[in-house]
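Hi,

Here is the model we talked about. Please look it over before you read my notes.

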Amino acid sequence: MSEMINGKILHRIRSQLASLFSDIFFNYPKSVQFESLLYLLDRYYEHELDANGLYARGLVEFEEWQAGVGNLTEAEQQLMMEKNYTGLFCLGRGVVTTASAVLSSQRVHKREPWRKVRRFYYEHGLRLVEGSPLYEDSIVTEMAFYSLLIDQLDDFAGEKRREAFNAQQRFLQKHLLIWLPQFCEELHEVAGRGSVYSSIASLLSGYIQAEPRLLDRFLQVEMA
């Protein structure tokens, strides 16, 4: 298989991962989503080193969670995941899921990270639907947007393609990386051992911190 085809497949995997992480935090998770996540990450790490060990940690935590629910029916497992999701994200005493709140000691939404990411979206032609319950700097919105940025690579060549890579780099450095690792640490701590979200926190943090290294390699090839 050629390097070009390998690259195209890898970008599709990157995009699917970003979209899947967005979906997992948007609503009650499904077992099939976790199966897809592990499959995609396995393929992703064929191309990228697990430099900080977070992928390996997340796999161990996922196996621990599976062992803990192994005697439950699928319906009971689903109910447990929904209760876990509600406790962590819906009752106001779990974890906050926007950049502004994570980076604010008062846990306040719509602060400077929200204003900055809104400007980034506007520059790339994105507006949230009026009345949307999602903040622009929520994990759901930012990961979905990152997936769209990756998808643009299919449409461009030459200078436009390099610009698309640069947009991904800017979004990572100026938005995702300024808060997601901290969010993942907080989620990992609050969820605790035995929760599937401890595993998700490790896997997301590993993925988002691996992305800059992967992009650097692609840009070196593009600019050669």
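Below are notes on a helix pair and a cavity.

This is a predicted model: local features need pLDDT of at least 70, side-chain atom pairs count only at pLDDT 80 or more, and totals for chains, interfaces and linings use all residues. Residues are numbered from 1 along each chain as its sequence is written, and side-chain values use heavy atoms, without hydrogens and water.

Helix pair. Helix α7 spans residues 139–151 and helix α8 spans 158–191 (helices are DSSP runs of H or I, at least four residues, numbered from the N terminus). They pack at about 150 degrees, axes 11 Å apart (axes are fitted to C-alpha atoms over the stretch in contact; angles run from 0 to 180 degrees between N-to-C directions). That angle makes α7 roughly antiparallel to α8 (over 145 degrees).

From α7, I139, E142, M143, F145, Y146, L149 and I150 meet α8 (heavy atoms within 4.5 Å). The α8 side includes F171, L172, W179 and F183. By class, this contact has 13 nonpolar, two polar and one charged residues (Ala, Val, Leu, Ile, Met, Phe, Trp, Tyr, Cys and Pro are nonpolar; Asp, Glu, Lys and Arg charged; the others, Gly among them, polar).

Cavity. The whole structure has one cavity of 30 Å³ or more (on a 1 Å grid over the protein atoms alone, points where a 1.4 Å probe fits but cannot get out; lining residues have an atom within 4 Å of a point). The largest cavity holds about 40 Å³ (the space filled by probe spheres set on the points, which are joined across faces, edges and corners). A99, P113, K116, E142, K174, H175 and I178 line it. α8 gives the largest share, three residues.

Best wishes

Conventions. Helix = DSSP H or I, 4+ residues; strand = E, 2+ residues; numbered from the N terminus. Parallel < 35°, antiparallel > 145°, perpendicular 65-115°, else oblique. 1 Å grid on protein atoms, 1.4 Å probe; cavity = no way out; pocket = protein on both sides within 12 Å on 5 of 7 lines; lining within 4 Å.
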